[in-house]
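Open the model in your viewer and keep the selection panel at hand.

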Amino acid sequence: MPAKSATKSRYDVHPSLSMFQSSLAGLKEKTGRTLEEWIKYVEKEGPPTEKERREWLKSKHGFGSNYASWVAERSVGKGDDGNPETYLKQADEHVEKMYSGSKEALRPIFEELMALGRSMGNDVKVCPCQTMVPLYRKHVFAQIKPTTRTRVDLGLALKDSKVPKRLINTGGFEKKDRISHRIEIASLKDIDAEVKRWLKTAYEMDK
């Protein structure tokens, strides 16, 4: 489960960060070096590019794909530093960028959908990414995405539920993706009782 940050952010720490922090904490135990020590070692002894360093860590040092990618990324100044404060700062930036310029007028729709998602229960987490804002309970049960300049798509994890035509099948269930359907929201009035009912259904299915 994603953990709440101590800061007064509007958003929540993405659940992948917990795995990242846990994995990095065990890096020294598994490999004999901390992340910082590996970065210095790779910069001194490893090949020049991120891709080459990733493959070098796997072939010469027996790294798994995740560890190799994290160390290689950080060694060239990329990647997440694993700090919840950094993520929450980036989360704010992601949302501001998503709803800027030609999509600025969609911001009230996002705010209303986020508030509606929060109202489903105290265990809802809002964890922005670069292009969308997923809503988590135990897993992603919904996502909010400004798909065009005039529309926000509310994605829902409904598996193979029988739904009305308004809920568009994304093909996600067949592809084993969490999000299986979407509802197109072009104005605040589109966030009606039907939207609320299906969002509640997606939330309750994620037990």
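A residue counts as buried when its relative accessible area is under 20%, as exposed when that area is over 50%, and as partly exposed in between. The model you are looking at is predicted.

**Stop 1: the cysteines**

Select Cys127. Its relative accessibility is 0%, so Cys127 is buried.

Display the sulfur atoms next. How many disulfides does the structure hold? The count is 0. Cys127 takes part in none, and the cysteine sulfur nearest to its own, that of Cys129, lies 7.8 Å away. A disulfide requires two cysteine sulfur atoms within 2.5 Å. From the side of Cys129, the closest cysteine sulfur is that of Cys127, and 7.8 Å is too far for a bond.

**Stop 2: helices H4 and H5**

Select residues 50-61, which form helix H4, and residues 65-75, which form helix H5. The two axes come within 8 Å of each other and cross at roughly 140°. H4 is therefore oblique to H5. The crossing of H4 past H5 is right-handed.

Show side chains for the contact. Which residues of H4 meet H5? They are Glu50, Arg53, Arg54, Leu57 and Lys58. On the H5 side, the partners are Ser65, Ala68, Ser69, Val71, Ala72, Glu73 and Ser75. Coloured by class, the contact of H4 with H5 shows 4 nonpolar, 3 polar and 5 charged residues.

**Stop 3**

Most residues other than glycine have a negative phi.

Where is Lys159 placed? Lys159 sits in the loop that runs between strand S4 (151-156) and strand S5 (168-169). With 43% relative accessibility, Lys159 counts as partly exposed.

Move on to Lys176. To place Lys176, look at the loop between S5 and strand S6 (181-185). Is Lys176 buried or exposed? Lys176 counts as exposed, because its relative accessibility is 76%.

How values were computed. Residues numbered from 1 in each chain as written. Predicted model: local features only at pLDDT ≥ 70, side-chain atom pairs only at ≥ 80, totals over all residues. Heavy atoms only, no water. Buried < 20%, exposed > 50% of the residue type's maximum accessible area, 1.4 Å probe, protein only. Axes fitted to C-alpha atoms, helices over the stretch in contact; angles between N-to-C directions. Helix = DSSP H or I, 4+ residues; strand = E, 2+ residues; numbered from the N terminus. Parallel < 35°, antiparallel > 145°, perpendicular 65-115°, else oblique. Left-handed = near helix turned anticlockwise from the far one by under 90°. Contact = heavy atoms within 4.5 Å. Nonpolar A, V, L, I, M, F, W, Y, C, P; charged D, E, K, R; others polar.
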